[in-house]
Amino acid sequence: MNQSTIELLTLLHEKRPVKVLFVCLGNICRSPAAEGVLKQIVEEHNDSADWVIDSAGTGNYHVGDLPDHRMRVHARQRGLILDHRCRQVKELDFDRYDIIIGMDNSNLSNLRRLAPTPDAEKKIVAMSEFFGTDSRRHYDYVPDPYYEGSEGFELVLDLLQDACLNLYNDITTNNITR
């Protein structure tokens, strides 16, 4: 994990509510799944009042739609209900959220272009920074499952469950060990 991410997480440890925005391309697979996973983790820890969790896409292809049906089916098998309505990232999101987490390098690049200030850009973090050792061994981003079969959706959910739990623990315990 890079030093600027560690500094951001240290600041968030002291802040409540923590406001998290997950971002992918269309906001139909990875980012709404990450939103659902983190919400479930926060609820399991009876910590919902201290978190604001949302997702968005850099593209406007699916604005107003529910997440991809296949992602909703795979998520539901894990007890997650993905009922988010897709939306596009807006410049205002950089004021609303404390940390903005992109799923891959393309998303991160698009977010950096959208960031209105250098301070806003400091809020942008790669989801892979929260991967545990096993996930990091094989992936340095969250792959887009859109053109994949069931295995792709399951892989994404596995990666997100690992990363979101690490994100939650990093912020709540302020004890970053990766």
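What is the volume of the largest pocket? In this predicted model, in which local features need pLDDT of at least 70, side-chain atom pairs count only at pLDDT 80 or more and totals for linings use all residues, the largest pocket has a volume of about 260 Å³. Residues are numbered from 1 along each chain as its sequence is written, and side-chain values use heavy atoms, without hydrogens or water. A pocket is an open set of points on a 1 Å grid where a 1.4 Å probe fits, with protein on both sides within 12 Å along at least five of seven lines, and its lining residues have an atom within 4 Å of a point.

The lining of the largest pocket includes Ser4, Glu7, Leu8, Asp98 and Lys122, and its largest share, 5 residues, is contributed by helix H1 (residues 3-13). By class, this lining comprises 3 nonpolar, 1 polar and 6 charged residues. The second largest pocket holds about 190 Å³ of space, and its lining, which includes Pro32, Glu35, Gly79 and His84, divides into 4 nonpolar, 4 polar and 4 charged residues.

Ser55, located in strand S2 (residues 51-57), is buried (under 20% relative accessible area, 1.4 Å probe), its own value being 0%. Its side chain makes polar contacts (N or O atoms within 3.5 Å, one able to donate a hydrogen and the other to accept it) with the side chain of Asn27 at 3.0 Å and with that of Glu35 at 2.7 Å. Beyond its neighbours within four places in sequence, Ser55 is in contact (heavy atoms within 4.5 Å) with residues including Leu21, Phe22, Pro32, His84 and Arg87.

How values were computed:
Grid points are joined across faces, edges and corners, and a volume is the space filled by probe spheres set on the points. Helices (H or I, at least four residues) and strands (E, at least two) are DSSP runs, numbered from the N terminus. Ala, Val, Leu, Ile, Met, Phe, Trp, Tyr, Cys and Pro count as nonpolar, Asp, Glu, Lys and Arg as charged, and the others, Gly among them, as polar. Buried means under 20% relative accessible area, exposed over 50%, partly exposed in between (1.4 Å probe, protein chains only).
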